[in-house]
Amino acid sequence: RRQSAYGSVIMPSLIAPRIIVGVIVDTSGSMSDEMIGQALAICKGALEAATEIKVVSCDSAVHDCQTVFRAEDIKVFGGGGTDMRIPIQYFEDMRRDRPSLVLIVTDGYTPWPNHAPKGFHLITLLTTDRGSRPTFGDTYVWDRNPAQER
């Protein structure tokens, strides 16, 4: 109602948008401690840009979905086989607080869904270049030797 007093000038709101990022951490047996550490570093970086992150630990099943506000609160579970179709479907099925961006940290030794997920953009971060890649979203390979160290 007060907006009409200002004409075409849009006044700031007291409501800030909630930025929610989903992170899928592959905790299968093929992921080394170093690779899991890379995934936790991604989570820490996501927390700097987002209001909150939803971290899913998974191997061939979703073990836990944690809503995290601090990197120290992240706990990972798993150690079996790998199937990335399951956590992607988990985020697709979310009705409330679905993230608009989902990051996957995996070694790529997994089957992928046949279609792009609905409701969010997917970014895959491969810890090695030997695994398979999804046919949708953006895919990046973790560079162990940055240019300044070569």
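Student: What makes the pair R70 and D73 a polar contact?

Tutor: Their side chains are joined at 3.0 Å. A polar contact is a pair of N or O atoms within 3.5 Å; within protein, one must be able to donate a hydrogen and the other to accept it, and residues adjacent in sequence count only if both atoms are side-chain atoms. So 3.0 Å is within the cut-off of 3.5 Å, and R70 and D73 qualify.

Student: And what should I know about the model itself?

Tutor: It is a predicted model: local features need pLDDT of at least 70, side-chain atom pairs count only at pLDDT 80 or more, and totals for chains, interfaces and linings use all residues. Residues are numbered from 1 along each chain as its sequence is written, and side-chain values use heavy atoms, with hydrogens and water left out.

Student: Where does R70 sit, and why is R70 called partly exposed?

Tutor: R70 is in the loop between β3 and α2. Its relative accessibility is 47%. Buried means under 20% relative accessible area, exposed means over 50%, and partly exposed is in between (1.4 Å probe, protein chains only). Since 47% falls between those two limits, R70 is partly exposed.

Student: Then why does E48 count as exposed?

Tutor: E48 has 70% relative accessibility, and that is over 50%, so the word is exposed. You'll find E48 in helix α1, residues 33-49.

Student: How do you know what a helix or a strand is here?

Tutor: Both are DSSP runs, numbered from the N terminus: helices are H or I with at least four residues, strands are E with at least two. The chain has two helices and six strands, and from the N terminus on they run β-α-β-β-α-β-β-β.

Student: Is Q66 buried or exposed, and why?

Tutor: Q66 is buried, because its relative accessibility is 11% and the limit is under 20%. Q66 lies in strand β3, residues 62-68.

Student: What does Q66 touch?

Tutor: Leaving out residues up to four places away in sequence, Q66 touches I53, K54, V55, S57, D73, I74 and K75. Contact means heavy atoms within 4.5 Å.

Student: Which backbone atom lies 2.9 Å from a polar atom of the T110 side chain?

Tutor: That's the backbone nitrogen of M84.

Student: What makes a group of residues a nonpolar core?

Tutor: The members must be buried Ala, Val, Leu, Ile, Met, Phe, Trp, Tyr or Cys residues, joined through side-chain atoms within 4.5 Å. The largest one here has 20 residues, and those with the most contacts inside it include V21, C43 and L103. Helix α1 gives the largest share of this core, seven residues. Apart from it lies another core of 13 residues, among them V56, F91, V102 and L122.

Student: Why would such residues end up together?

Tutor: In soluble globular proteins, nonpolar side chains tend to be buried together.

Student: How much of the whole chain is buried?

Tutor: Buried residues make up 41% of the 150 residues.
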